[in-house]
Amino acid sequence: MDASQVSQVTEMMYALRNPAGVPTYPIIFIGLGVLTFALHILFVQLMLGTSAITLYGAFNSNPYWRRLGAAMLEIAKVSVSVAIVVGVAPLLFVQVVYDPHWYTSNVLSANWVIGFIIILILAYWAMYYFYFVNGKNQDKTVQPTSRWAMILSLVLMLVVGFIMHSLTSQILHPELWKEWYIQNGVLDYSGSALHAYNPWRFAFFISLAVPVAGGMLVTYRRFKMVREDADHDYLNWAAEVGKKWIKAGSVISTVLYVAWMMTLPETAGDFATSFWGIAGGIAVIFYAVWAQLRLKGEANFCSYMALPMALVVGLVVAISREMLRYGILNDFFHYDFMDYKVVMDWYSTGLFFLTFAIVGGSVLAYFLTIAWKTGQTVGVYTPSAAVNKMGTIAIWIMIIWMIQFFVVGFYIWAK
Amino acid sequence: MDLISLYPTWYEPMVGSGWVVALIATFHVLASHTSVGAALLFAYLSHKAYREDREDLLDFIKKYGLFLLVFTYVAGSITGPGIWYSTTVASPNGIGALIHSFVWKWATEWVFFVIEVVGVYMIVYLVGRVDKQTHMKISVIFGIASLATMVIIVGILSFMMVPGKEIWFEEGGYLNGFYGTNTFIQLGMRMAFMFTITAVVGGIVVAGIKDPEFKKEMARKLGWLGIISTLIGAALLQWYLTSVPDQALLVMENRLPEYFVPSIVAVLAGTLAYFIITMLRPQTLVQGFAGFMSVAILVAGLWPEETARESMRKPWVAGQYVYSNQVIGRDVPGMDIKSQLPIIEKVGILKAHPFTPEHLREVNDGNMIQAGEFIAMTYCSNCHSPSETGIRPLHRYFPDGVTQERMEKYVKGVLTTGNIAYMPKMPMLDSEVKALSAYLVMNNNSGPEATKVAIKQEVEARNRALAEKQAQDKVATLDLAQEVK
């Protein structure tokens, strides 16, 4: 591309920006976007990995695998929910600072965007169907029925993953948007095609499901081993499988990461050999090294660290991914999200961070404490006075939030 | 270059992009309102179960909660972002306006959304696994979190119709855009409706209760909840209509389909009758009856209500400054937003649109129909489908055999001047008026297929001309090279 073509693309991207601007410094949206994407993709990988274990268990005659498959189905269905709800945040933040790119990419593949919604619902319902058909079996070593539903669910999840991968890839090619809009001289208003993808990039993110699921298995053993009714042979076996998955999976993912870096578009320049280009791959292989060094024997503390470590690895990868986007759009196409018009709004900015920290922090601390303790208790769990107090405080914080909403609202209304 | 923030157009010929948004939104409203209402109901029932030490109420929560988890939380949590997706592709500047003004509000809602999703699993799966007091606390938190998601989103929905306070246009500010009369009345109305739908959908679960006494108790509870909320909701609807702009009332009087009012009245009467019957004779409450009522409310109540709300905003799609065709049609000094109409008046829509292909930037005899189609897709297709079916098809608005001259007169005299109250002003150069008219006439008189063929012929003719020119250039270059030799 010559300079004049680049300059036309730059001008187009700037023209597409929303004239309302953004209510705080753009870097904050990018930071939150990266953080929430790392959380989102962790649960996506958890959902895919545990679904794969469920499926493997369903087709395996080994009673341990069948039990593990049934146990991981519980994780899978919660992970889908969490992946969806957490995924809302990066979806929100990307359209704040990269709205020209996200909206164009979506409109050009609109049918797939709508299809995404329907396919994801079907995938989730298929998983629940499998769960309801087999969930009643007390004996988890019995071969499950309706296995087609679980296969369908996993395949459809991969399809929605690919749609999202393609939409994200299209963002990186503003130079091709107009070409995609006009096919053989005729405008294509149908939105029926997915125009860009990189199989290595897609395979890399999907492959991380293997080490993440491995991390889940290690955590599973550690979490369940304290129960009075724990079957230690089975749990130890599950943890050993998990360790293998972390190590082998991380190596596979690193190879795929390298393949992705080797197939970056020319517009990415020398990103593959830059600090962040290398850091992403190092982080992934580091997970295998960490597992080799720290998950020996009982590893009582580090077993609980397996998933947080996966999150850290995912965070580094998420930063690399964001830096790649910035590298292409800023360094090559001169679109800098940092110069988005700021129409500062302190109230809504402050309200979000306070709600996130205080409301979110207090309630989730209470919820997760209850869930954690209940999972480790045989029979009915009755919380201690301190945990009870956490619940009361959380309720009051919620009530105070609601009061401030209406007090501020009525004040503004009456003003 | 004078470019404005217009994206490519997505055109769905069967139902139209507008209806796709409406379908997803309607389904989401059913799911989300049921979820929020049920969350508050659960908080009440769990509190009662704790105070009266009752297992049956917790069992009901578990059954209803599991049912909701699969049918409303799964579908609701996906169709929620699904509304973003569908509006992104159908109305990118409309959703962009909301996102850029209320991103933090949505982010705040997201915090409650996370609490809600974790909470629903805990409410369902911890029945019998934690003591009743703990379950009650979880339910109360869950109920408030669900309500918080609603109070937040209603402010944003209200902004779509009209910014909270008029002063927002002059001074901007999130609070002025968010809070207003319309916000609070709509919130009350939606909460009332939320309890109505909760009572109806809850009937599907109550129908499965085996113990006659408990079934009677729950049928009565839900019945009273439904009757009171339906009556309050109907009253608030009347009040709500006083809070919308005059323009919206004008559209409502003139443009809403004839079935709108009878449909709403019938669904209100039917809902009240349903609750009275199920309270008096709980044995009539079977899953089929409750399921039928849920679908009836969805089809005869929600669909007309959501589509009416969409229609009443016309010609705007968000905040009374973004037109339904994505053009910004009004200055908003408080946000330093400038109307894009002057730019279009100056250079024409084809040169102002960033995605206009090079060969369509100037209208000529060789691209007339294709340029006209591009303008129609940009200006018209969001509200009027150029196909036989779809949203308010264009062919319904023009007589058969309409002439080019008459069409040009209409386009120039009515559309470019913004003379129709509920339609955007659509500036065009004379050449663009001619192109749009040519397209509309052909589409109307010969149909979409013939128009496609005409565009194909234009493209082929241009390609031929280009090939000939390239060949001639090549010959000229060869001649020149021989002469030099």
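Analyst: **The contact and its surroundings**

Chain B holds 17 helices and two strands. Both kinds of element are DSSP runs numbered from the N terminus: helices are H or I with at least four residues, strands are E with at least two. This is a predicted model, in which local features need pLDDT of at least 70 and side-chain atom pairs count only at pLDDT 80 or more, while totals for chains, interfaces and linings use all residues. Residues are numbered from 1 along each chain as its sequence is written, and chains are lettered from A and ligands numbered from 1 in the order in which they are written.

Start with the two partners. The C-alpha trace of chain B spans about 105 × 50 × 45 Å along its principal axes. Of its 485 residues, 58% are buried. Buried means 20 or more other C-beta atoms within 10 Å of the residue's own; exposed means 12 or fewer; partly exposed lies in between, with C-beta atoms placed from the backbone.

Chain A has 14 helices and two strands. Its C-alpha trace spans about 70 × 60 × 40 Å along the principal axes. Buried residues make up 49% of its 415 residues.

Two residues are in contact if their C-beta atoms, placed from the backbone, lie within 7 Å. Among contacts with a separation of 6 or more, residues 24 or more positions apart account for 82% in chain A. In chain B the figure is 75%.

Now the contact itself. Chain A puts in 79 residues and chain B 82 residues. On the side of chain A that touches chain B, the elements supplying at least two residues each are helix 1 (3-15), helix 3 (63-97), helix 4 (99-108), helix 5 (110-135), helix 7 (177-181), strand 2 (186-187), helix 13 (346-375) and helix 14 (385-414). Helix 13 of chain A gives the most to this side, with 15 residues. By class, this side of chain A has 57 nonpolar, 17 polar and five charged residues. Nonpolar covers Ala, Val, Leu, Ile, Met, Phe, Trp, Tyr, Cys and Pro; charged covers Asp, Glu, Lys and Arg; the others, Gly among them, are polar.

Next, the nonpolar core. The largest one has 298 residues, and Leu92(A), Met127(A) and Ile141(B) have the most contacts inside it. Helix 3 of chain A gives the most to this core, with 22 residues. A nonpolar core is a set of buried Ala, Val, Leu, Ile, Met, Phe, Trp, Tyr and Cys residues joined through C-beta atoms within 7 Å. Ile141(B) shows the two chains meeting. Leaving aside neighbours within four places in sequence, Ile141(B) touches Val363(A), Ala394(A), Ile395(A) and Met398(A) from chain A, along with Ile115(B) and Gly119(B).

Leu32(A) sits in helix 2 (residues 26-58) of chain A. With 19 other C-beta atoms within 10 Å, Leu32(A) is partly exposed. Beyond four places in sequence, Leu32(A) contacts Ala89(A) and Phe93(A). Leu32(A) and Val94(A) are 62 residues apart in sequence, with 9.7 Å from C-alpha to C-alpha.

The axes of helix 1 (residues 17-52) and helix 7 (residues 181-206) of chain B come within 8 Å and cross at roughly 85°. Helix 1 of chain B is therefore roughly perpendicular to helix 7 of chain B. The contact of these two helices of chain B has nine nonpolar, five polar and one charged residues. Axes are lines fitted to C-alpha atoms, for helices over the stretch in contact, with angles from 0 to 180 degrees between N-to-C directions. Angles under 35 degrees are roughly parallel, over 145 roughly antiparallel, 65 to 115 roughly perpendicular, and the rest oblique.

Last, the backbone. Most residues other than glycine have a negative phi, and most peptide bonds are trans. Lys314(B) and Pro315(B) are joined by a cis peptide bond, with omega about 10°. Pro315(B) lies in the loop between helix 11 (287-312) and strand 1 (316-318) of chain B. Asn184(A) has a positive phi, near 55°. Asn184(A) counts as exposed, with 9 C-beta neighbours inside 10 Å.
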